[in-house]
Amino acid sequence: MRKNLRYLILLLILLFVAVNEALNKTRSTSWENPLWVRIYAINGDGREATDSYIDSLTTRSFEMTEKFVNREAGRYGIRIDAIDVAYNGRLQSGPPQPPSGQSLLKNIWWSLKFRAWATYRGWQSDSEAGDVELFVNYYDTETAQSLRHSVGLQGGLIGIINAFADISYNGSNQVVIAHELMHTLGASDKYTLENLPIHPQGYAEPYRNPLYPQQKAEIMGGRIPLSAQVSKMPESLNQVVIGSYTAAEINWPIE
Ligand SMILES: [Zn+2]
């Protein structure tokens, strides 16, 4: 009996979150006003090198992401600036990290904790909240060889990004930030388990002849396909576009 009650409560919370997110998503992807994207930095490993990298961050550090989305929105006929990106500073502690496994229940539980954390943080903060809030954990390249995956809650308007605290990663960090931003607005991944972009939806130019090598990556395809089996990471958002499948998911007009 107690167990049933717990499930009922969990179901009600999930229903509430789902309805809330459907409303948010409609509001956030109407593209009538610029969407405010606010970025927060967190020192992920407590190292001094990471601290001094974070000290160097300003809104200009994230300009590429803003320009990229607005340039692509323009291609789809959006006449206003689609997004306005600003850096809202450093946080002393970060959001709960996503579980490393594939367990559905653990993932649901984590996403609820993350939402609760973001809401609570917003209440306590003086800075103006964004429509979308992205939390970037930075790690020193001296000690971190690989990073945990980044997650943008699909339609949830919040995301966690794990990034390298090194200027040489600025370009690729912004590719990850833009990718997770698209998730928060409802876009889905367009690559296989082997990290290969899926044709046609994960390709920048799906109907190009010859098909390979592609010159650019599609933002949710993630990589530049050089052949059917080989792909490479884009170095910056200059090598990335938003394809029509992703555009449709975030409610941009497509012919
Ligand atoms: Zn993704």
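In this predicted model, Arg60 and Glu63 are joined by a side-chain salt bridge, with an N to O distance of 3.9 Å. The separation falls within the 4 Å limit for such a contact, so the pair counts as a salt bridge. Arg60 is exposed, at 66% relative accessible area. Glu63 is partly exposed, at 30%.

The search of the whole structure returns 10 salt bridges. One of the pairs is Lys190 with Glu249, whose closest N and O atoms lie 2.7 Å apart. This pair links distant parts of the chain, 59 residues apart. Lys190 sits in the loop between α5 (170–184) and β6 (217–218), while Glu249 belongs to helix α6 (residues 244–249). Lys190 is buried, with a relative accessible area of 4%. Glu249 is partly exposed, at 25%.

Arg208 and Glu205 also form a salt bridge, at 3.4 Å from N to O. Arg208 has a relative accessible area of 27% and is partly exposed. Glu205 is likewise partly exposed, at 38%. A network of salt bridges links Asp51, Asp55 and Arg90.

The zinc ion has three protein donors: His179 through NE2, His183 through NE2 and Asp189 through OD. These donors lie 2.1 Å from the ion. Their spacing in sequence is H-x3-H-x5-D. His183 is buried, because its relative accessible area of 7% is under the 20% cut-off. Asp189 is partly exposed, because its 37% falls between the 20% and 50% cut-offs.

How values were computed
Residues are numbered from 1 along each chain as its sequence is written. This is a predicted model: local features need pLDDT of at least 70, side-chain atom pairs count only at pLDDT 80 or more; totals for chains, interfaces and linings use all residues. Side-chain values use heavy atoms; hydrogens and water are left out. Donors are N, O and S atoms within 2.8 Å of the metal (3.2 Å for Na, K and Ca); water is not among the atoms, so sites may look incomplete. Buried means under 20% relative accessible area, exposed over 50%, partly exposed in between (1.4 Å probe, protein chains only). Helices (H or I, at least four residues) and strands (E, at least two) are DSSP runs, numbered from the N terminus.
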